Amino acid sequence: MKHKISLRIKIIFLLIIASCNSDDNDELPTTVKVEEFSLNPNSTGLFKFSPLGFYSDKEINVYYHIPPGDVKNLPILLSLHGGNRNADDYRDCWIDMSNSDGFMVFAPEFNDINFPSGDQYNLANIFQDGDNPSPETYNSSEKWTFSILDQLFDHIIKVFDGNQINYNAWGHSAGAQFLHRFVIYKPESKLNIAVCSNAGWYTVPEKGISFPYGLDKGQLDDSVLKKAFLKKLYVHLGEEDTNPNSSSLRHNEIVDAQQGITRRARGRYFYKTAKENAEILNTEFNWIKTQEVKEVAHDYELMARDALQYFQNK
């Protein structure tokens, strides 16, 4: 009881400081209502988060679950939803595992209002029009949607007064698209382990193919790509995710000829080609293709259960 009271007092204190120093960028980037964001162990809920900078006018719902334990030291997992933008479900599918394995889960919602297109979510707003990249339409990194993730992590740590120095992330389908591009374009982030499950298609680290399917016109220097290859990225595929007519699966002459016509084929190609290009660059390669999940197709809940093992004791 004393622990819970002290946490609530700390939250209120931080909110008072934030309200008194709204012009100071070192303070909390949002005002969080105490009743909306319980920092107590064994709690489930929602809080609203507004990043600093380009996205400061956006209010992002963040669904969370905190298991029993010491919140200052529990690992943090960000769960990245698919194209249905159902962040609450992407939190819920981790709750039992969060409780049994002792980690906190946070699922930010990139909704259709604030991030209305695949350009702004799947392709992270790297370009104004990701399908037609050019130097003139290449956005500064503060405009990239995945710039929000480190800010969200920092906010959580500040409220918790936590000791965590990094976070893990899991994405399924469109979330896996977002996550693998995050690894490639922002390898110096605070992200530790990334597990990318059943992405529909990829930005493959290869030249000769234009962005968003390859690196040509992607404004990505080899030095950045080498750092990306050092990250812990797991390519995680359902063995039965082989339906070429699956809803929302992108098809055109370029991606079909390059990566294949199913999610499983495209994931296999992504990993194989990334590994080959790391060898060409003569750089260390820490990406791993996991065993394909037997008897599972495009099911985020079953993929999450299998993904758990790649975050354990890492």
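**Reading a predicted model**

Q: Which elements cover the buried residues of α6?

A: The cover includes α5 (174–185) and α8 (263–280). This is a predicted model, and everything below is read from its coordinates.

Q: Which residues of α6 are buried, and how are they arranged around the axis?

A: An α-helix has 3.6 residues a turn, so residues three or four places apart point the same way. Here α6 spans residues 222–229, and L225, A228 and F229 are its buried residues. They lie on the same side of α6, because the arc they cover around the axis is only 100°.

Q: What does the protein chain contain overall, and what part of it is buried?

A: The protein chain has nine helices and eight strands. Of its 314 residues, 55% count as buried. Taking contacts between residues at least 6 apart in sequence, 68% join residues at least 24 apart.

Q: How is an aromatic pair described, and how many are there here?

A: The distance of the centres and the angle of the planes describe a pair of aromatic rings. With centres within 6.5 Å as the rule for pairing, the count is 31 aromatic pairs. One of them is F110 with Y121, where the centres are 5.3 Å apart and the planes at 25°, so this pair is stacked. Both residues lie in the loop between β4 (104–108) and α4 (147–160), so the pair ties together parts 11 residues apart in sequence. F110 and Y121 are both buried.

Q: Where do the partners of the pair F270 and W287 lie, and are they buried or exposed?

A: F270 and W287 are stacked, at 5.5 Å centre to centre with 25° between the planes. F270 belongs to helix α8 and W287 to the loop between α8 and β8 (288–289), so this pair ties together parts 17 residues apart in sequence. F270 is buried, because its relative accessibility is 1%. W287 is buried too, at 2% relative accessibility.

Q: Which residue lies over the face of W201?

A: That residue is R181, at 4.5 Å from the ring centre.

Q: What does N277 touch, leaving out residues up to four places away in sequence?

A: N277, found in helix α8, touches P205, E206 and F229 on that count. F229 is also one of the buried residues of α6. L225, another buried residue of α6, is 52 residues from N277 along the chain, and their C-alpha atoms are separated by 9.9 Å. Within reach of the N277 side chain is the backbone oxygen of T273, at 2.8 Å. N277 counts as buried because its relative accessible area is 17%, and the cut-off is under 20%.

Q: Where is N111 found, and is it buried or exposed?

A: N111 is in the loop between β4 and α4, and it is buried, with a relative accessible area of 15%. A polar atom of its side chain lies 2.7 Å from the backbone nitrogen of N114. Leaving out residues up to four places away in sequence, N111 touches R85 and P116.

Conventions. Residues are numbered from 1 along each chain as its sequence is written. This is a predicted model: local features need pLDDT of at least 70, side-chain atom pairs count only at pLDDT 80 or more; totals for chains, interfaces and linings use all residues. Side-chain values use heavy atoms; hydrogens and water are left out. Buried means under 20% relative accessible area, exposed over 50%, partly exposed in between (1.4 Å probe, protein chains only). Helices (H or I, at least four residues) and strands (E, at least two) are DSSP runs, numbered from the N terminus. The arc is that of the directions from the helix axis to the C-beta atoms. Contact means heavy atoms within 4.5 Å. Rings of Phe, Tyr and Trp (its six-membered ring) pair if their centres lie within 6.5 Å; planes under 30 degrees apart count as stacked, over 60 as edge-to-face and the rest as tilted. A charge sits over a ring if NZ of Lys or CZ of Arg is within 6 Å of the ring centre and within 35 degrees of the ring normal. A polar contact is a pair of N or O atoms within 3.5 Å; within protein, one must be able to donate a hydrogen and the other to accept it, and residues adjacent in sequence count only if both atoms are side-chain atoms.
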